[in-house]
Amino acid sequence: MDACTTRLRLVLADNRAVDEAALTALGSRGVVRPNATALQVVLGPVADQVAGEIRQALSRPAAAQSAAVTGPDAGAVLAALGGAGNLQEVEARANRLLLGVTDPARVDDGSLLALGLRGVARPAAGRLHLLLGAPAAPLADALTLARAGG
């Protein structure tokens, strides 16, 4: 894996196994398949940041990676996000949560990663992306319910 200014460049066993619709749902602007094992994901100026997040996730112990497959505990995630009062909005995108928070300083990235998340990105002030190893919708639903006081 490598990245340039706008593209994430990957070498895969077989690029036909890639779910292009899922990549688009996560924000990809397109893919290029130069050959049977190469894949370039067009991301725009965040390509280097995403490559770093992937490298970091791949460097975690296998136990943390396997824990991420089923998804983290919603209560623990909410606590690491600074509590229900700090959460403004929640949106699920495939295996990524897009969040709005009132006070970004209350979010504990280390605690989120210890729960098995694959990455935490801060693309803008008050905005977080949580990278999960499992579908994001169940966690999004649980966080939305907790935010509403349910």
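**Close-up 1. The largest nonpolar core of this predicted model.** Welcome to the core: it has 21 residues, and those touching the most other members are Leu81, Leu97, Leu112, Leu130 and Leu143. At least two core residues come from each of helix H4 (74-80), strand E5 (87-93), strand E6 (96-101), strand E8 (127-131) and helix H6 (137-147). H4 gives the largest share, with four residues.

**Close-up 2. Leucine 112 and the residues around it.** Here we look at one of the core residues that touch the most other members, Leu112. Leaving aside residues up to four places away in sequence, leucine 112 touches Val77, Ala80, Leu81, Val107, Leu117, Val120 and Leu130. Two of these contacts, Leu81 and Leu130, are also listed with Leu112 among the core residues that touch the most other members.

**Close-up 3. Arginine 33 in its loop.** Arginine 33 sits between strand E3 (30-32) and strand E4 (38-42). Its relative accessibility is 33%, so arginine 33 counts as partly exposed. Have a look at the side chain: it makes a polar contact with the side chain of glutamate 20, at 3.1 Å. Apart from residues up to four places away in sequence, arginine 33 touches Asn15, Arg16, Val18, Glu20, Ala38 and Leu39.

**Close-up 4. An open sheet of four strands.** Follow the strands in the order E5-E6-E8-E7, paired antiparallel. E5 and strand E7 (119-124) are the edge strands; each has a single partner, so one side of each has no neighbour in the sheet. On average, and ignoring direction, neighbouring strands are turned by 20° against each other.

**Close-up 5. The pairing of E6 with E8.** These two strands run antiparallel and are joined by five bridges. In this view, glycine 100 can be found opposite arginine 127 of E8.

**Close-up 6. Two helices lying across strands of the sheet.** Helix H2 (residues 47-58) lies across E6, E7 and E8, and runs at about 165° to E7. H6 lies across E5 and E6, at about 160° to E5. Both H6 and E5 also supply at least two residues each to the largest nonpolar core.

How values were computed. Residues are numbered from 1 along each chain as its sequence is written. This is a predicted model: local features need pLDDT of at least 70, side-chain atom pairs count only at pLDDT 80 or more; totals for chains, interfaces and linings use all residues. Side-chain values use heavy atoms; hydrogens and water are left out. A nonpolar core is a set of buried Ala, Val, Leu, Ile, Met, Phe, Trp, Tyr and Cys residues joined through side-chain atoms within 4.5 Å. Buried means under 20% relative accessible area, exposed over 50%, partly exposed in between (1.4 Å probe, protein chains only). Contact means heavy atoms within 4.5 Å. A polar contact is a pair of N or O atoms within 3.5 Å; within protein, one must be able to donate a hydrogen and the other to accept it, and residues adjacent in sequence count only if both atoms are side-chain atoms. Two strands pair if DSSP finds at least two bridges between them. Axes are lines fitted to C-alpha atoms, for helices over the stretch in contact, and angles run from 0 to 180 degrees between N-to-C directions.
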